[in-house]
Structures are given as C-alpha cells and as structure tokens.
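Open the model in your viewer and follow the stops below. Each one says what to select and what is there.

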Number of protein chains: 4
Amino acid sequence: MTRKLRMGMVGGGRGAFIGAVHRMAANLDGKIELVAGCFSSNAEKSKLSGEDFFLDPSRVYTSYTEMAKTEGALPLGERIDFVSIVTRNDLHFPVAKAFLEAGIHIVCEKPMAFSLAEAKELKKIVVESGLVFALTHNYTGYPMVKEARAMVKAGKLGRILKIVAEYPQGYAVGAIKQQADGAISNWRMDPSVAGVSNCIGDIGSHAENLARYITGLELEEIAADLNTFIPGRTLDDDGSMLVRYEGGARGVLFASQISTGDENNLNIRVYGEDASIEWHQEHPNELIVKFADAPRQVWRRGNSYNGPEAAKYTRLPFGHPEAFIEAFANVYLAATEAISDHLAGNYPRAEGYDFPDVDDGVEGMAFIEAAVASSKENAAWKPVHGA
Amino acid sequence: MTRKLRMGMVGGGRGAFIGAVHRMAANLDGKIELVAGCFSSNAEKSKLSGEDFFLDPSRVYTSYTEMAKTEGALPLGERIDFVSIVTRNDLHFPVAKAFLEAGIHIVCEKPMAFSLAEAKELKKIVVESGLVFALTHNYTGYPMVKEARAMVKAGKLGRILKIVAEYPQGYAVGAIKQQADGAISNWRMDPSVAGVSNCIGDIGSHAENLARYITGLELEEIAADLNTFIPGRTLDDDGSMLVRYEGGARGVLFASQISTGDENNLNIRVYGEDASIEWHQEHPNELIVKFADAPRQVWRRGNSYNGPEAAKYTRLPFGHPEAFIEAFANVYLAATEAISDHLAGNYPRAEGYDFPDVDDGVEGMAFIEAAVASSKENAAWKPVHGA
Amino acid sequence: MTRKLRMGMVGGGRGAFIGAVHRMAANLDGKIELVAGCFSSNAEKSKLSGEDFFLDPSRVYTSYTEMAKTEGALPLGERIDFVSIVTRNDLHFPVAKAFLEAGIHIVCEKPMAFSLAEAKELKKIVVESGLVFALTHNYTGYPMVKEARAMVKAGKLGRILKIVAEYPQGYAVGAIKQQADGAISNWRMDPSVAGVSNCIGDIGSHAENLARYITGLELEEIAADLNTFIPGRTLDDDGSMLVRYEGGARGVLFASQISTGDENNLNIRVYGEDASIEWHQEHPNELIVKFADAPRQVWRRGNSYNGPEAAKYTRLPFGHPEAFIEAFANVYLAATEAISDHLAGNYPRAEGYDFPDVDDGVEGMAFIEAAVASSKENAAWKPVHGA
Amino acid sequence: MTRKLRMGMVGGGRGAFIGAVHRMAANLDGKIELVAGCFSSNAEKSKLSGEDFFLDPSRVYTSYTEMAKTEGALPLGERIDFVSIVTRNDLHFPVAKAFLEAGIHIVCEKPMAFSLAEAKELKKIVVESGLVFALTHNYTGYPMVKEARAMVKAGKLGRILKIVAEYPQGYAVGAIKQQADGAISNWRMDPSVAGVSNCIGDIGSHAENLARYITGLELEEIAADLNTFIPGRTLDDDGSMLVRYEGGARGVLFASQISTGDENNLNIRVYGEDASIEWHQEHPNELIVKFADAPRQVWRRGNSYNGPEAAKYTRLPFGHPEAFIEAFANVYLAATEAISDHLAGNYPRAEGYDFPDVDDGVEGMAFIEAAVASSKENAAWKPVHGA
C-alpha cells in the first residue's frame, strides 16, 4: 500500500472500553487511520467522540445505516476501507450486513451475532459478498499462541488427549451483595441485547475459540452446568462444562465472572501423547512445553527459535514484553493484509490469513447455544454443530 | 509420653514408594519407632526389609494375621501401639480389621477400602473398637492447607461459590504407546485389587478430600466423564467431572495420569463471595489469597501472622521450605497425639484431632463409586452419599 | 488540542529497532502523527523509510541540519511540533542542539549525550530555550513503576535501607566465541560513537535511572568493576558495582550483555524499614510488596486500589496486560502533555510532568563516567556528581 | 551397617532452632539414633531436653568435655559414633577438638570456627585424627544443587563468566526501630561469641559456599561493603561485595538480615559461555537452565533425566516436593556413609564423599575475614586465602 487504510468505527464512543482497544490496536503500526465513525446513536456523544479522535465532523455519524450508505458512495481511497464494529451484541449482525452491502470490509467484535441462526445468515452474506470479515477473537493474536498452534500442527504434541481451557474473572462478584453494580457492561445481562448467554457468550467463547485455534480440533459435544449467582439476573455469570473433541480428546472448559480476585485469567493446557503445552494470558510472552521425560521448556517470544508464524506477529526483541494491545493489533494486521490484497485484486492469497473469521463466528455461536441448551437440560450432552 | 510410640507396618517392603514415605514421616520427629512389620507376603522379602530397618527378626512377619495376633498378645509398652497399613487397596479392609480386633490403633493408606460397602463396614468396626483410625490423605497435612481451612472456617471467604480442584499427573502416558510400562504400581490397573477406579480412586480422591478438608462442604452430586486412554486397560486413567456442593457451590474436579509432563500437580482454588484462595501442592509453602478490590496476598508458611492451626504443624521458620514428607508427618503427628491420649485414658479430647479419619474414608469411597457410576451412564448426575 | 501533534524523527529508518518502538509508542494513542523525518544520512534509505511511513516525500530529509532549518521555518501547526532523536549516541547532542535552536521540542533517546560535559552543555541549552525535552528512560513509563514511586513518596516503605538494581542481558555472549556477531548494534562497541561505555551506558544507566525514579534518591558514590569479556573490544560488556545513596541506603547495581539466556531482565528491589518492593520488567503488571510481619502483597495494574499516578498512565482494565510499548508510549503521553501546554502557553504546569528530563540525562552521564572512572582505578569509590 | 549409627549432640536443647533441624535431619532416614547429649551448660535444661528426646538420663551431660571423655571411653557400638555440634560459634572449635581427641567423628555447624586461625588449627587436628568431619553447609544437600554442580562439572555451561549469589533475609529489620528484638539468636551480634561478623558469617558464608560447591571455583579476591543498620550493634547486619574468581569469572555476592519481608531468600545464578543456571532456595525442586538461543529449561527433581549425583540424594518421585529438612538430611546421609566406611575400615573411599568438609570450613572463614578486612578499608580488594 502506498497509503494508510481508512477505517470507520461503529460503537466505541467516549468511555467504551473495547472501542478504545480497537483504536489503539489499529493505530499501533501506523498503517491504519480512523477517518469516520458512528460512535453512538446519541448525536452529541457521537460528535464529541469524533472530536476526541480529531475526525472531520462531516464523517461523524449518528446512524450506522446512513454511515454505510454515505461512506459506500464515496470513491475508493476516500471512503472507509473497512469498518470496526464494536457495538453491543444485538447490533453486530445488522451493522455488518449494512456495511457488507455497501461493499465495505468488516472487523467485528465477538460473539459474531445474536444467535446461531443469525451467525449462519451472516456467514452467507459474507461469502456472497467476497469481502473480508475478521472477528476479534483477539487472544489468537498473541505470538506464543501462534507458536502453540504451530507446534500442534507440526505434530510435536502427538495425538491430543486432553484440553483444559479456563477463563475465570471476578469483576462481577460484587453484584451478588449489591456492594457495587459489579458490571462493566450491564447490557451483557440483558437477554434482549446480549443473547442467550452472558458469561459463556462473552468469555467462554474466547476459551473455546482459543482451544480450537491452537489444536485445530472441533468440539463434538459438551455437557454444561451454567450458573447465575447474581440475584435478579437471568443470564449466566459462571459455567463449567465437560467437553469432547473430534478424535477422542476430552477435557473441561470453564468460565466465570464471579471468581473473586481473578482478573482476566484465561489459561489453556493442551495435553498430547508426546508433549503438552500451557499458556497463560496474564503472562503471555511464555509458552510452557512439558514432556514425559525431559526437562520442561519455556519458550519465550522474540527468540530466533520461534517459528515463522509467531515471528511474523512479533514486534519487539525477546525480553521486551508484548501484551494485550499488541495481540489485538495482530488481528488488525492480519485483517489489513487481507483487505490490502483485496484492494490490490489479490484476495484471497493461497496460504490464507491468520485471523479469526466468519467460520469461527458460527462455531462460537454454536458453542454458546449448545452450552445453554445443555445446561437447561441439567448438563445433558449436546452436540456442537457449527459450520 | 515418656517413650516413643511403637509402630508396626504391613506392606511397604524394599522398593515400595509409599511405605518408605510412611517410615520417613514416622521417623521425622523422633517420637515413633518402627519395631515390627509384615513387609511382604514373601518371607524372604519381608525378612530383608526388616534388616533394612534394623528390626528384631522375631518381629518381622510374613502373615499380617499372625502379626496382629502375636503383637496383640504382647503387653502394652512392648507390643506395637499402632500399625501403618500401606498395602494395595484390597487388603486395607482385612488388615485393618485384624489389627483393630487385636486392639491396635491404625494409620491407613487411602482409598480406605475396596468398596463403599466395605468402607461402611470398616467404619462400624472402628467406632465399636473405640480405637484411633487415621487415613493418610496426606495433603491435608500441609500447614498452608490448614491455614486455608482456618480462613474458610473464620468466614474470611464468605459464602463459597466455586471450587476448582485438579490433580493432573502424567507418569502413565508412556503406556499409551507402550514406550514403557508407564506405571509405578501396576496393581492399580487391576480391578480385582484396586477396586472400581484407578485414577479417580488413587488421586481424584485426594482432590475431593482436599476440597472437603478446606471448605468443610460435602459434595451433593457429580457428573463424571472418566476415560481410559491406555490400551488394554479397564480402569480409568483420566477423568473430569462437574461438581455440586451443599449450599450451592459449583465447580469442576479433574484428575489424570496421562497429562504429559505434569508431575504431582494437585491444585485447588476456592472462590468465595468475599475472597478466594488458591494453593498449589508443588509450591506448598504459599497460599494465595485474592480479593475483588485489594492487592492479592501471598501468605507464607512460618510467619507469625499465620493462625494456630498452621503453626501447630510447622517445624521450620519462614523461608526454610517444608514439603511433602513434613506434611505427611503431620498426619502421623496428629494421629500419635490421639494414640497418646488413648494410652493415657484421655481419648478423645474435646477439641478433636486434625487428621483425616474413617468418615473421610467413607466419603472418599462414596465419591469414587459415584464417579464411576456417573461415567457409566454418560455423565449422568449421581448423588454422593457417604457418612 | 484540536489536532494531533506533529512529530519528526531523526534516525530510526528501516530495520532500526528503537526507531520502530518510538513510532509505535507515538502512534498508540492516536494523538501524534509522524509527518517528517531524517531517517538516515543515506538518501535512498531515508527516502524508502519515508515511504514506509507514508510521508510526504518533501518532508523526508537526508540532513538533520537541513531538516531543523526547514521545519523550523514552517508555521506552527504545519511544522513538526517536536522531533524524536533515535540516532546513535554521538549524534544526540548535535541533533538536539539543532532542533532546539529551531524552536522545536525534543524527545531524545538515552544516554542523553556522548559525555557528561556535553550533557551539561545540552542542559544549559534546553533551559535557555524554554522548550520541552524528554529523555526516553522508558522503564519509568510502566504503571507499576509509577505505583512504586508513589509508595516510596508516601512513606509506605519508611527509610530506604537497601537497593538492588540489576539488568542482565545475554544477547552478546555469542560474540565471545565468535559464533555470531552477537551484537544488535555494533556501534555500541565503538568508543568514538558510543562514548566511554557500552553496557553501563546502554542498560546500566536504565537501572540507575529506575532506582532514582522510584526512590528519589541520588547516588553519592559507586565502586565499579566493569568487564570486557568479548575479545577485541575496548568497551565494557558487563559490570557490577557497590552503590551508596544519599541518606545512607546501600546496595548493588549490575548490568550485563553476556549473561547467557537472560533477555531483558531488568529488576529492582527497594528495601525500606517498613516495607520493601520488587518489580520485574519481564512481568511488569505486578508490583510485589513485602512486610516484616504481614502477608506479601501483589499489586496488580489496573485495579482501583492503585493510586492516581499509575491510573493516569493505565489504558486497560486489570488482567489485560500492558507491556513495553505501552510504557514507552507513556513517556510520549507525558511529553505531549508538556508540549501541548507549551503550545497553549501554559508551560510548565505547577505540578510538573511525569517524564525523565534533561536532569535525568545529566545524572545518567555522571553515573556512566563515574562507573568507568571507578573501574579504571580498580573499583575505587567515585562520587556521582550530576546536576 | 547392621545397626543404626549412634549420635550425640552438643548444644541444641529445648527451643533451639538449629538443634531441632539436626535431629530431624538425622531421624529422617531411620539410620541414626540420638543416644546422648550435652544440650545445655544449664544442667536442668540439658536434663529436660534429654527427656524430650527419650534419652537415658545417664547419657545426658552438662559438660561437653565430660561427655567427650565418658563417651570416648565406651566400647564401639555402645558409645556415640559421632557428635553433632550445634552450639554458638565460639564453641565449635573446642567442642570439636574434645571429641576428635576422644576418637569421635564430627558433624559441625558453620561457620566452622571463631577465626581463620582457629579453622586452620582445626583442620590440622581433623587431618591428623583421620576422623570424619562434616560441616553443615546444608544448602549443598539439595538435589537440584547437586544437579547444578554436575552440569558445571560436565562442562554444560562452558567457561563460567559471572556469578551472582545473594542471601537476603529480613528477620532483624524490626530491631532498627526497636519494635522488637528482631533477633533469633542474639549471640550472633556479640563479637566475643560470634566472631568478626554476624551477617556475612551466618549467611553470606552459605552463599559463598554454595557458589563454590556448584562451580568448583575458588574466590581470588573480594571488595566488600558491610553495613550495620541496627543501632547499638558492632557487627554487620548487611553486606554487599564485588567478587573475582580464579579463571576470570566476576560477580556480586550480597547478604542481609534487614531486607524487609525477605525470608530465607538464598539464590544463585551462574552464567557460563554456553549456558546459565539459576536456583532459588525457596523453590528448591527446580533448576532453571538458560541458553543463548534455545528454549529455557526447567529441570525438576526426581526425573529420570537427572544425573546420578542428584538421584542418589532424592527420596521422592517428581512432583512430591522435597525441601529444607531433606536437604539437611543429605549432609547427614553423606556423613554417615563416611562414618560407616570408617567403622568398616574402608575410609575414605576412592570417589570421595558428597558433604562439605573441613576445607570448606577453612575457606569459609577465610572468606569471612577477607570480607571484614575489605570493608574496614572501605571496600579495598582483599585476597581470599583459605586452604
């Protein structure tokens, strides 16, 4: 490219956590510029957010449909090349649809849609559009997660026997005693906005996606026990499940928002016949590799012994830690690679791209719905049928 | 006491892992002396073991029934005060019964019996005998586990919401490929000797007991998915389960012998409404305490801020680590306290004793059988009815 | 500001490590845009770098003096507001001087100058100019380092007794056996370019600055033993020293480039009469606080219990790790605050700014020269006289 | 042996920390029995201690000279085979001398003597006696320390470049403010009892010995800065030093008793040209091995990949942690091997024994005196001339 890619944003105005993350991720490498946005359906709030980001006021919108139409009508090179969708869950689908119809590429927050049916519908639209659709399962962006995936792919672990994926958070526990509202985003508790699940939808789906990304295995069936500890809520704030993968791997997956004092404690352990790995999101620059009869290894980001998959998404030398934003930016980096290819008429490239896509979104929604269905039947096994 | 307690041992001859551990645990504090044993049903092996331990040959037996009879007939102060049973599972019951009937106190390896029915029968015998019966769920002997229990008891965690207990080992994974026999004790794989379970019986039961010891909560029901990865075996070598405790706590418990590269990775996390704790057996001198909105704390063994429960079973100052043998010795220390009281006519003391007992043994067998039954019905919920 | 600040860069063309870091740090928050640069004295290389960063070719220079003159002549709002100097050490002074004389603010790499004399001269120029000068001792940008400093300032540690600051790296060890060139930047070994020291100048000075930033204490005297393990070199690649601070604190400081397998292992421990802290750059989101008789604490970034000093420079919620680039960006954030104040006529604000400045640069050079002088006299004590 | 070795003890009565450790270490393996002691010069205290340990009152002494004479006169097999000396420093020499003259082997606490001159004199006596003399530099007993030593010996680290040995404790810091007496053993502060140093003598000497044990390198010279932070004391409670080893290795060694919140934080890092190791006493079952360009390794105790040196002194399988007492017991195990050989007429065996001996004791005293002498001359370099 001889210019920066032009980005628009829907959602993510002043004070929104995830919108700010997307902007930092997009800014980091100096290859993307934010030029338009519909940051809020509140006109004043959207305007002020536009000022915060030094945007031309004429490109700060209050309606995403208007934005899609107006931007889509601008010539290439002036209009936004892609839009980042960072709204609440129920809007992911309609917003994505509007921009895809306007010929604009998409980077979208997870879960991809409000329901599995919607997710499948969105997939159809994406496929038909031929446009780029990246889903920000951002934890796949960590270099040592990519290294883990490469190890599995290269057969270093042998047959996978067991997977333990966990994602305990504790931020909402205060709400049990009403000591505080205990919630970063209250809409997550509202089924009409968040969908059928809160905790599993928000973070359990990250754990599921991470396991899938690293191992390449599809879930066959799950038996889930979801819980709602916070009084007055209908959606889950905690859940555990037994999981069975294709090929015979077994394990557990659990997520929680009421695990007091845990912060963003996403961890995964993959046990293979020949070796095992473990990775901890809160110490992301290390990948622990274990053997039955050899010293444990700690693979560290940025070393020359890391493979090309990790190296490609590494910005700093070893010992200079990278973290959450850099991993998030890697989803953007991979997505902009695809978008640039598209603009150059070379999309898709034969070797593919390293970002979560619409298939991950469908799989994620299938997982969420299976978990809820299983829990409703007292942890009966439910198949996970995604794409 | 004005003399050391006299200990006998059944099982645990030359080369046996757990017998050696029991002897070191008994030796450590200089308050117990090993004076008799039936170390093997093989006369030569028993004799050689007796020589290893500098025993009077006349008190080295080949038959435990003979040993029980002979020792029981000796006068107090000469005969063994108690016997340590470190045989394979199927002998725990008959050996314990024989010595109880001879009026001799018991320290017994877990699982307590071959079946729940047998465990209940043994409980009856113990209660009727009025004798001391200690079960070596040794992980309860760690000072920081005792500190954890005291914290829960004192209400520092508030209502318990979630418990994650895990015990992955990897020592048997080699057996999958027959690279090695992969087994420390092959009898554990034999249902006629080990009972209905291998992995859950051997180590899952430790995880269950540890959770119960720390929280005081009884399991209500479990949904278990047990696996046999090693070809040609009938008993489980891995298993995961959803667990529900009385009072509403939920969680997961898993154990494994095929988790490549994990050693003896017993870990527990207890999440309460007000605080949470986590403890890692491989770093046993620390107890991590987490809060919703205060710095995480690391409680370390041997400090004056620790409570009396931990302090009583602490031998060394802070920073001078204690470990597995010392924890094991704490079960012996508590049991000998009870035995000494018994000899002095003061048994039981009002405040009780801090060692796992026959009730833990019954509960453990109920847990094992419920896990196996659940797994046979594809992880159907099964109640855990112990004592 | 109603616009982004305009940044220029001298040095840091294609392939340069630290230049790329500066650009990412500047990009991150979307408040700065790179608009001009003299990326290399090689015209072709500078041009290509300019293309990489999507710059207007007319603002890509081959001579920094020309750049200073040309940019300085542009009107405010068009010209660069500040320049980032990321050249080799010997150019820091002349480049800074040229831009200061053109009325342009400075962000400069460390060590600030080639010699203490030059550093003092630069300080004079900065003071006379009334312009902003920020020195990228980037490790002070970490939120938990700021928390540590706030703790010391608030007296939570009591009187400081001992400081252990260490910075072992191992990247150059291969050069001992000539297995590899073992050097990221060979000019660091050349006294005519790097100055009197390699290892102490490059990273020892970071350890010194970090200790000073956290404790506020000035070094009184040091006794240094510097080493050159790599054959054929004249400058140090390793060094250790005894240190004495004003007020009676004592300690050690060491740095190394031949500590095999260490990456960027900057660590600091500050022991006070009432509490102690330790911080590890490779796990930067935690600050460990130790007491004589209370549980150890782990303060974690992003929690509400952190003070305003850390909170101001925190972008993400707890558990979403921040790392090197974010810390680096905090130096930029603080510097742009000062530059914005200057542009608005409000510089300096009463409460000051939180970035290392020209005084830190002088102190750093005094430290480096004292270390070299001490080592030349076989570790004789040498005073450290900075500002 | 067909019987347990008979042990006597001088010092270490009720309430003494280190005496209790020696007894547990001696008890652990069931190969030693305590049969006599002079636990205190206070007759009542010695008598009560004897009762605690179930000793025959006729073998509980008040005078060590009487004990040496009386025990020495008993026939072999009845008399003590060796004596453990756990008195304060100033008595090590006279007590050792008395028992050596009575033909009794010695296990002795460190530092070996009151002064270097005394240490050299003691060495002469030991050599002439032909008896066994073991010095309890107990940290050498840890299996992973033995593994580290074996690695260095096998050349896996290549030429040693740098050694960082540290031993910060914080237990005495309270004494600075007189909040508490801050002292476990006040006699350590008394030069007429402890000798020329407190902190360096007590724990700095452990760090020195550990470095020597692992690397096999002798110190050439040191430049020490010792401090006395506690008002009213004359001996050091903290100290740091630059160190130079034969063969060109350089480094730092520091120890402290006023490092608030540190417990028994002995750590060592040895950097070689090809690999480096680090070991942390508070997590003793792991040895970290680092390379310039390969994943970091964590060697864990009890695995089959460990060498015979560690395996010989390993009691438990991997993951079942061993700790301080087991390491201490390893010194006893090695010493009793030598004593048993002596009793059997096979002393010394060709391959030697793995316990610290009288040469370590001389070297340790030389180190202590050099440190004190250096500090008195403001950290002038002083040679370390031991054996």
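Predicted model: local features only at pLDDT ≥ 70, side-chain atom pairs only at ≥ 80, totals over all residues.

## Stop 1: the two-fold axis

Select chains C and D. A rotation of 180° with 0.0 Å of shift along its axis superposes chain D on chain C, with an RMSD of 0.0 Å.

Residues are numbered from 1 along each chain as its sequence is written, chains are lettered from A and ligands numbered from 1 in the order in which they are written, and side-chain values use heavy atoms, with hydrogens and water left out.

## Stop 2: chain D against chain C

Stay with this pair. Here 48 residues of chain D are in contact with 49 residues of chain C (contact means heavy atoms within 4.5 Å). The two chains bury about 3600 Å² between them, 50% of it on carbon and sulfur atoms. Buried area is the accessible area (1.4 Å probe) that two parts lose on being put together, summed over both. Now pick D:K162, D:L242 and D:T260. They supply 16% of the area that chain D buries against chain C, more than any other three residues.

Which residue pairs with C:E166 in a salt bridge? Select D:R269: the closest N and O atoms are 2.6 Å apart. There are 12 salt bridges between chain D and chain C (a side-chain nitrogen of Lys or Arg within 4 Å of a carboxyl oxygen of Asp or Glu).

## Stop 3: chain A against chain B

Move to the other pair. 49 residues of chain A touch 49 residues of chain B. About 3600 Å² is buried between chain A and chain B, 50% of it on carbon and sulfur atoms. A:K162, A:L242 and A:T260 supply 16% of what chain A buries there, more than any other three residues.

Zoom in on A:K177 and B:E273. They form a salt bridge, with the closest N and O atoms 3.8 Å apart.

Color the strands next. β6 (160–168), β7 (219–227), β8 (238–245), β9 (250–256), β10 (267–272) and β11 (276–280) of chain A each give two or more residues to the side that touches chain B. Helices (H or I, at least four residues) and strands (E, at least two) are DSSP runs, numbered from the N terminus.

## Stop 4: inside chain A

Chain A is divided into domain 1 (5–131) and domain 2 (142–315 + 363–383); the bounds come from an automatic or database domain assignment. Their C-alpha centres lie 27 Å apart. Across the boundary, 12 residues of domain 1 are in contact with 16 residues of domain 2. The two domains of chain A bury about 1200 Å² between them, 60% of it on carbon and sulfur atoms.

Select A:K110, A:F114 and A:L116. In domain 1 they lose the most area to domain 2, together 43% of what that side buries. To finish, show α4 (89–101) and α5 (116–129) of chain A, the elements that give two or more residues to the side of domain 1 that touches domain 2.

Terms used
Least-squares fit on C-alpha atoms with pLDDT ≥ 70 in both.
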